[in-house]
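Open the model in your viewer and keep the selection panel at hand. The stops below go through a pocket, a hairpin and a cavity.

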Amino acid sequence: MRRLVVFFCLVIVEFLLCSAQEKQHGTVLFGDPCERDVNCIEHAYCRIQRICQCEQYYAPNPERTICLATAGLSCVDDFTCGTMSNAVCRQNVCTCKDAFTLDINNSSNCISSKLLCRFSFDIRITDELMKKICERLENSVGPSKEGDACQKRDDCEEAMERAICIDNKCRCITGLRFVNETGKCIQARGRYNSCTKDYECFLDDGTPNVLQCKNGECVCRDNDPRCSKG
């Protein structure tokens, strides 16, 4: 009996140690210099071994002390989406609650849909007409990939999340890359950065399909002359 108790104690200790290692993170703030991922605050990584950046589907708060969850983050319950405002975990993805929509200037913030459908006219608009206007906006066809035509910033952000409208074309925000696998602009990860999928890995100049995600890290593909392994 005593041996059994000791065995279970060892199992519990090992589990706690592994959990601590998985959640290990540092204190270097978003935008500050770093050398490795473990130097950075929670939900951040060290981009090109130079500067701390928030992980994909996380964004910094104004003070740069926290990386907040944003729409599109994978989740198992509402707790994962807790740093977003007015958000829930629906179909394993953080999204805005019913009657709320994503703030085009802050992907961690969901605002009341009524605010977006509040227009100033000389005449009073009935609730039914307001509803039809909002439904028409909701169902309108917009851009779906980088380079598609756009008229305003939220055209691109609604489709690709971290994208803006520049010269009437949708472009990913600086440092992000559009990938067909997700149809979104994602955080580009360079050599030796942590990763989960091959499509997350890019060379510093943005070239795709040269690096691969191997053992949780972006590394050169075998025998690819475009990638120096030095």
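How many nonpolar, polar and charged residues does the lining of the second largest pocket have? There are eleven nonpolar, nine polar and five charged residues, where Ala, Val, Leu, Ile, Met, Phe, Trp, Tyr, Cys and Pro count as nonpolar, Asp, Glu, Lys and Arg as charged, and the others, Gly among them, as polar. The model is predicted: local features need pLDDT of at least 70, side-chain atom pairs count only at pLDDT 80 or more, and totals for chains, interfaces and linings use all residues. Residues are numbered from 1 along each chain as its sequence is written, and side-chain values use heavy atoms, without hydrogens and water.

Select Tyr 58, Ala 59, Pro 60, Arg 162 and Ile 173, which lie nearest the centre of this pocket among its 25 lining residues. Elements giving two or more residues to the lining are β2 (51-54), β3 (58-60), β8 (106-112) and α4 (153-160); helices (H or I, at least four residues) and strands (E, at least two) are DSSP runs, numbered from the N terminus. The pocket lies between domain 1 (25-113) and domain 2 (148-222), because both give residues to its lining; the bounds come from an automatic or database domain assignment.

Strands β5 (87-90) and β6 (93-96) pair in the antiparallel sense over four bridges (pairing requires at least two DSSP bridges). Ala 87 has Cys 96 as its bridge partner. Two residues separate the strands of this hairpin, and Gln 91 in the turn has a positive phi of about 55°.Last, select Arg 47, Ala 188, Gly 190, Leu 203 and Asp 204, the closest to the centre of the largest cavity among its ten lining residues. On a 1 Å grid over the protein atoms alone, a cavity is a set of points where a 1.4 Å probe fits but cannot get out, a pocket is an open set with protein on both sides within 12 Å along at least five of seven lines, and lining residues have an atom within 4 Å of a point.
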